[in-house]
Amino acid sequence: MTTDVAVGPTIVSVEDLHVRYRSRVEPTLKGVTLSLAAGETLGVVGESGCGKSTLLRSIIGLISSDSGVIKVLGGRPPGLSDGDLNERVAIQFVHQDPFASLNPRMSIRQILQAPLRVNGRDHSTSRIRELLDMVGLSHSVLESHPAHLSGGQRQRVAIARALSTKPKVLLLDEPVSALDVSVQAQVVNLINDLQKSQGFSCLFVSHDLAVIAQVAHRVAVMYLGRVVEIGETSQVLREPAHPYTMALAASVPRLRRESKGESSQVRIIGEPSANVMATGCPFRSRCWMATNRCDVETPLLDPLASGRKVACHHPLGR
């Protein structure tokens, strides 16, 4: 697991963020608070629908929040058309599906030149070749179109495009989930190597804890729009404090062998439901440790002696 990071100043902060889509009754994000340090990778994990992608889109300014504060480099998140140029290029996004995020009518040369030209940067052929070298692609793909490349090659192009303006923050939304397992490892290693050489910070969203264990210095576990546990990756995944985190870790054989205090009780049943009461723990209907207190009192994200934070009335290992 990745732990060797020199923690710098906070570069992204999210405080009490609430987001609700007009088509839904329940908010998608319910008071999310977290921070990202310079040079750090923060992994965000959780089941589908927990709000991981909404969090990223809120941070980059693709969707607006109902309440809460988001700061990037000490200021507000960049919008689609407003803000200082340096603010707009300081944070970039890598989507889950590289085929859908790349214009099929443009050549790879044109795709990589576009953000550089728009932002007044060097978009010469030599600069484009530098970007291809950075992500391990042959110069022969310059005149190719996305349809002619493999999934792994397309995602490398997407990463090169995102890093072309030398951002301070990279938001990655399930960047390897659409790739074959063997290619996933290559792209994960590429992201790790690029972060070390380029020095950017990463907010890495994934449902795959094994991937997060390879890339993240810290991890935030989300459940139904809330952060239920956050802390150093090795600590959270090996010795979970929240029952939901333990259940997630137990589902990954490689992590399960490293975990402590596991039992047959860690299996959760049923599906997460957004139709939960306003009070009480949202995980209580699926939790084997729930008590009457869990029915009436919503747990807060409080610090433990170990340094991590957990939103549970009965944290494991206490």
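Guide: Two strands pair if DSSP finds at least two bridges between them. This is a predicted model.

Visitor: OK, β6 and β7 then. How many bridges join them, and do they run parallel or antiparallel?

Guide: Strand β7 covers residues 201–205, and five bridges join β6 to β7. The two run parallel. As one example of a bridge, Asp-173 has Val-205 of β7 as its partner.

Visitor: Which sense does the pairing of β5 and β6 take?

Guide: Parallel, over four bridges, with β5 spanning residues 91–94. Ile-91 has Val-169 in β6 as its bridge partner.

Visitor: How many residues of β6 are buried?

Guide: Five of the five residues in β6, which spans 169–173, are buried, so the strand is largely enclosed by the rest of the structure.

Visitor: And which residues sit on which side?

Guide: In a regular strand, side chains alternate between the two faces of the sheet. For β6, one side has Val-169, Leu-171 and Asp-173, and the other has Leu-170 and Leu-172. All of these are buried, and both faces of the strand are covered.

Visitor: Which ones?

Guide: The buried residues in α1 are Lys-52, Thr-54, Leu-55, Leu-56, Ser-58, Ile-59 and Ile-60.

Visitor: What comes just after α1?

Guide: Gly-61, with a positive phi of about 95 degrees.

Visitor: Where else is phi positive, in a residue that is not a glycine?

Guide: Asp-16 has a positive phi of about 50 degrees without being a glycine. Leu-224 is another residue other than glycine with a positive phi, near 50 degrees. Most residues other than glycine have a negative phi.

Visitor: Where are Asp-16 and Leu-224?

Guide: Asp-16 is in strand β1, residues 10–19. Leu-224 is in the loop between β8 (218–223) and β9 (226–232).

Visitor: Is Leu-224 buried or exposed?

Guide: Leu-224 counts as buried, because its relative accessibility is 11% and the cut-off for buried is under 20%. Asp-16 has a relative accessible area of 44%, so it is partly exposed.

Visitor: Back to β1. How many bridges join it to β2?

Guide: Seven, and the two strands run antiparallel, with β2 at residues 29–37. Thr-10 has Ala-37 in β2 as its bridge partner.

Visitor: And how many bridges with β4?

Guide: Five, also in the antiparallel sense, with β4 at residues 67–72. Val-14 is bridged to Ile-70 in β4.

Visitor: Last topic, α6 and α7. What is the packing angle?

Guide: About 15 degrees, with the axes 10 Å apart; α6 is residues 151–163 and α7 is residues 181–198. The helices are therefore roughly parallel to each other, as angles under 35 degrees count as such.

Visitor: Is the crossing left-handed or right-handed?

Guide: Right-handed.

Visitor: Which residues meet there?

Guide: From α6, Gly-152, Gln-155, Arg-156, Ile-159 and Leu-163. From α7, Val-183, Gln-186, Val-187, Leu-190, Ile-191 and Leu-194. The residues of this contact divide into seven nonpolar, three polar and one charged.

Notes
Residues numbered from 1 in each chain as written. Predicted model: local features only at pLDDT ≥ 70, side-chain atom pairs only at ≥ 80, totals over all residues. Heavy atoms only, no water. Axes fitted to C-alpha atoms, helices over the stretch in contact; angles between N-to-C directions. Parallel < 35°, antiparallel > 145°, perpendicular 65-115°, else oblique. Left-handed = near helix turned anticlockwise from the far one by under 90°. Contact = heavy atoms within 4.5 Å. Nonpolar A, V, L, I, M, F, W, Y, C, P; charged D, E, K, R; others polar. Buried < 20%, exposed > 50% of the residue type's maximum accessible area, 1.4 Å probe, protein only.
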